[in-house]
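Visitor: I am new to this. Please show me the model, and then I will ask how you know things.

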Amino acid sequence: LTKIDKLFWPCVRCAAPPAMGDLAARLKSRGLTLEAAPPSKKALGGGVGAPAPLTLTKIDKQKLFTPLLDQGAKAVKEGLRSQAEAQDGLVDGVVTTLRKWVQDCLTKNEKRDRLLEKGLLKCRVQATWSKGFDEKLKQLVAGFGGRLAADGEKENAEKPAAWLPRNEKWLVGFDAQAFERFLVQHPSALEPPGSQVRSAVEGIVASKGASAAEVALLQELPARFGPLRQATMSRAKRIAVELRRGSKRKGGPGAQAAGEDVKARIETAEDVAWAAATLAPMGLRADGEPLVRAPAAIASAILSGLDAVVGMQDLVALLRETGIGKVVAGYRRHPSVELAKAAKDLVASWRNGCRERQSAA
């Protein structure tokens, strides 16, 4: 006899085991009874709060199991619209990635050196592939003159079926001209509007206090505007110092701050250094022209503000130490007639000012 048999067989010597198929008899021999009806849902804990059975409406079943083409023209149109919206969302994500990457390149000297040496920098992007998205990505990159190639693409590599969703990686190549065109489309990637930077600094100083504002700037400004160049961060710190001291720049606060987007405030040597770094964010080429020029709107505001330089002390030393003379001279051949004229007028004004200073000495 097995151990299981002994559980149901009361006495090996005086009784024979009941039939194996008669479960009720075996339980009865142990003083137990078997209920005829199954236990209720309440007894099993399936009363109040039990999950409802999964059901599908007639419309849901039609959408799930009927091919899109068989659902009618309206359903097809809705499906194409949803697909286009999803692709546009992916494109927006790629633009965000490219924008942050360009900002990062502008903050690192090694990126500038590599662009000067190699003539091309590459950004890797990733997204779910579809035929429509692939075409939109090509249009996006072609719009600023970039180069698009599949990352790790091999000539004889086996590709999965086109209808299967898959993540693909691409390399977007930027030469100097592509950087410049991208900044024209996204000028805030080079320099956020001056009025917005000033407003953000004022808000940080008001909320964090003057003593903690400098540390807060390093965290909150990049979180709001993305990676920022050192020249931009230094300019923001000077604004915070002015607010802490209670001093006000010429032109006044408030509504006039928006005027910085039309004419940049150039009042100190630090402002001149910021202007030079912004007009030529990736340095100068061997011929003296900026490797990458600032967008016209930003360049126009800075060139307008540089009128004040001629009246600053130590003009000759200022031009030499900041390099602003060489940078502005590189804009004299700008495609924009207005910017080229503004640059020529500035250079002529500074030359006359230097001659006058030397004559007076």
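Visitor: How much space lies in the largest cavity?

Guide: About 50 Å³. This is a predicted model, where local features need pLDDT of at least 70, side-chain atom pairs count only at pLDDT 80 or more, and totals for chains, interfaces and linings use all residues. Residues are numbered from 1 along each chain as its sequence is written, and side-chain values use heavy atoms, with hydrogens and water left out.

Visitor: What makes a space a cavity?

Guide: On a 1 Å grid over the protein atoms alone, a cavity is a set of points where a 1.4 Å probe fits but cannot get out. The volume is the space filled by probe spheres set on those points, joined across faces, edges and corners. One cavity of 30 Å³ or more is counted.

Visitor: Which residues line the largest cavity?

Guide: Among them are Glu191, Thr232, Arg235 and Glu260. Lining residues have an atom within 4 Å of a point. The largest share, four residues, comes from α10. Helices are DSSP runs (H or I, at least four residues), numbered from the N terminus.

Visitor: Why is α10 called roughly antiparallel to α11?

Guide: The two helices pack at an angle of about 155 degrees, with their axes 9 Å apart. Angles run from 0 to 180 degrees between N-to-C directions, and axes are lines fitted to C-alpha atoms over the stretch in contact. Over 145 degrees counts as roughly antiparallel, so α10 is roughly antiparallel to α11.

Visitor: Which residues of α10 meet α11?

Guide: Ala231, Thr232, Arg235 and Arg238 do. Contact means heavy atoms within 4.5 Å.

Terms used: 1 Å grid on protein atoms, 1.4 Å probe; cavity = no way out; pocket = protein on both sides within 12 Å on 5 of 7 lines; lining within 4 Å. Parallel < 35°, antiparallel > 145°, perpendicular 65-115°, else oblique.
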